[in-house]
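Let's take a friendly walk through a protein chain. We will start with charge, move on to overall shape, and end at one residue.

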Amino acid sequence: MTSSKSKPKPLEGLRVLDLSTVVAGPFGSDLLASLGAEVIRVSPPRDGASTSPRDSAAQVTDAEGFTFALARNKKSVVLNLKDKADKERFMRLVEASDVVYDNFRPGVTERLGIDHESLKAVNPRIVTCSISGYGSEGSWARVGAYDVTVQALSGAMSITGDGAGMPCRWGVPIGDITGAFYAVIGILAAIEERARTGAGQHVEVSLLDGQLALNTYRVPQAFGAGMEFGAPEPRKGGAGTVPYGPFLCGDGKWIVIGVASNFWRLFCEVAGLDDLIADPRFDTLANRQANQAELESLIEARLLERDSDHWQEQLMAANVPVGKVNSIREAFEQAQAEARGMAVGLEGAGAEGVKAPGLPIKFMGEDDPAFAAPVHDGAENATLLDTPLAASVEPDGDPVDATIAGLATQSGPLAGLLLLELCGDEPSGTLGTQMLADLGATVIKIERPGKTDDLGVAPDKLTDLEITPGLAYYFGLNRNKRSICLDLKSDAGRETFLKFAAKADVVYDNYKTGVTKKLFIDPDSLRKVNPDIITCSVCGFGKTGPWAHLPAYDATIQALGGGMSITGTGAPGAMPVRWGNPIGGIGGAFYAVIGILSTLRRRRITGLPATLDIALLDAQLAMHCYRAPPALSGRVYPAMQRRGGSGALPYGPFLCSDGKWFALGITNQFWPACAKALGHPEWIDDPRFDAEAKRQDNEEDLNDLVSEAIAKETSDEWQRRFVDLGIPGAAVKSIPEAFDHPHVKSRDMLVSFDHPIGGRLKVAGSPVKLSGHPHEGFRHAPSLGEDTEQLLAQLAGLSRDEIADLRSSASVWWPAKGQSYARPSVV
């Protein structure tokens, strides 16, 4: 029997050739390497990173941060793919590899003769993955893209800011990171299908598609419920929660609170504002919303009386959602992050004293992975290029269960995978399971029974049902799933659930710590009926550490995780800003899906199950990637809207003549074309600006000149010029504007449903484009208990009489007539 200490890593034995650079590519391959894959960086001839010992007390530079965070755990060869002999060496590597991964501009792999069709000629099992700004086809395919431009074009910047001035990008490079997440998900899904078919396929991911998809529920709310999001409201929660957001404390630092109605009394008692509990101005959510400004002024005055540490400690002790707005270093050094091992050292010469983010996918009962220091370019040329490598060999996948596969709503690489979803409305659960359903998994939502007097709506009356913001929200996170209503608190309902669990591959929940144990459906209980099952739990702080029991909201996670400290205008005294989309939950969903897919591979090879523990806070920390090593050695990162992650300038949003904003993302290679586009070719050789370091030294002068130039034309005109030149620049779009673009439409990123309700709204498409599975349409989000009868009969194997008995005892439920969408509202 394999002990917990000797379990192999999930991707052990998987060989990946990594041709990628910058952030989007290396962040993804770092994830693969952290999960055990053998990742081989393939670099062109150049000066490589030093591996000589370093002073462990020395400040890690920004440039070193990229290397330590994104090149660790990887091998390296140097090849010139334009050279015939080196290309032949590369092809020999392909013969013995599983994945080739790149983020070249579209057309480059074809010109080099290393596109998917060329590579599968030497290895039919090869899975290839390409990340680019806008995808390989469409009117913008050849346009340069950076994180800031896809944040602008996607609509995300329009809902991020203080509501009064400049739109803001999230300080974490979420455009790049999202692209990496979707790439890894596509790769791992393709690997699972290859185990059944023996054939690889091509995965394509566009950074813009990824950002569009993160708008999740906002898309149907805009294209269905008719919502207009307007200016950002940093002090109002997604469900209209008040009080919410950042408040200044007596030490000049900020805390973020999330006081939903169930926390209102507790908050007032801790804050010493007991007289507000029953005050008719504030005693209900509606009254707090109506008198928001007055309430906030009272809270502001009270919180200024004590420091941020005091308020966080006291509110956490009362289980009220709260979080200090931490710097990146503070985020990694807080007690919960330290208990979860989220700052790790690197083993090997050249990384002495360096700390980098740990892996936020925790395998309960197993050791966290070790992290090797980066090696210099070409370190393995002799061992990997001179000696033929043995091809990886994996066992075939099990035959697909026809019944389970027949219940899937999508044709995809995960056919036959059965997942049971035990999730509330929050995206940490529902978005994760939706991604798996999009890829062909059979996903069954286990839902609470509806009200006894809910008879449902007749099918021919569904067209009259109002599309409320809450109903649109549901459609944005639950397509392609099945729904069954079970009372898990009843013995019969729980036993029925266990019949499904006995056949399931995965059970995924985002309950608070301890809930599954109370229901007797925790991992130990599930393994009594299914020893091979994989379980995945996602919650704010995970299952271990001093904060494991605490509630969390997106805003508090963003504050505690350090992201808010680097988001905003950076003006003195300015309120810190959270990202407009709920990245706290979204980040957890991504890591959960990647953890599940990697563990499915290990189970297929070794038979080992797994218990996954995903914390939203851990996910936030991991996304700091290249900023973490410098921050943990003393570097302080302020909010800087007009400077890129590598110090690129000009960068960020500038106001145009039409009152709209245009975001630039100009690295050194694009500076000459940018200067010409702005109508000032003389800037190219201006001694203040003719090198990136000089532009940084003269940042204020440069931004003043760029502001003056951009103010002379409309955002549409700047967009036309930058697209014509293929350089990174983008108008800041609202969410409806973002999706009303021919390039977006051509990539199936705005889709509807063949359904009386779903046909009246639209949702974001899937960013994972698979050569073996073109988009063929989505199934509507199921009504409450829509599939209960079918699932009880086909999957649980119950007779008609047994089903009738369960229904009469209220252990299972579906409406007496028609369909019901009467779930609790979330907005």
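## Charges

Lys and Arg count as positive and Asp and Glu as negative, while His and the chain ends are not counted. The place of a charge is taken as NZ of Lys, CZ of Arg, CG of Asp or CD of Glu. By this count the protein chain carries 82 positive and 103 negative side chains, and the centres of the two sets are 2 Å apart.

## About the model

This is a predicted model, where local features need pLDDT of at least 70 and side-chain atom pairs count only at pLDDT 80 or more, though totals for chains, interfaces and linings use all residues. Residues are numbered from 1 along each chain as its sequence is written, and side-chain values use heavy atoms, leaving out hydrogens and water.

## Overall shape

The C-alpha trace of the protein chain spans about 80 × 65 × 50 Å along its principal axes. Of its 827 residues, 60% are buried, meaning under 20% relative accessible area with a 1.4 Å probe, protein chains only.

The protein chain has 34 helices and 25 strands. These are DSSP runs, numbered from the N terminus: helices are H or I with at least four residues, strands E with at least two.

## A look at Thr216

Where does Thr216 lie? Thr216 sits in the loop between α8 (207-213) and α9 (218-222). Thr216 counts as buried because its relative accessibility is 4%.

Apart from neighbours within four places in sequence, Thr216 is in contact (heavy atoms within 4.5 Å) with Leu431, Gly476 and Leu477.

Terms used: Buried means under 20% relative accessible area, exposed over 50%, partly exposed in between (1.4 Å probe, protein chains only).
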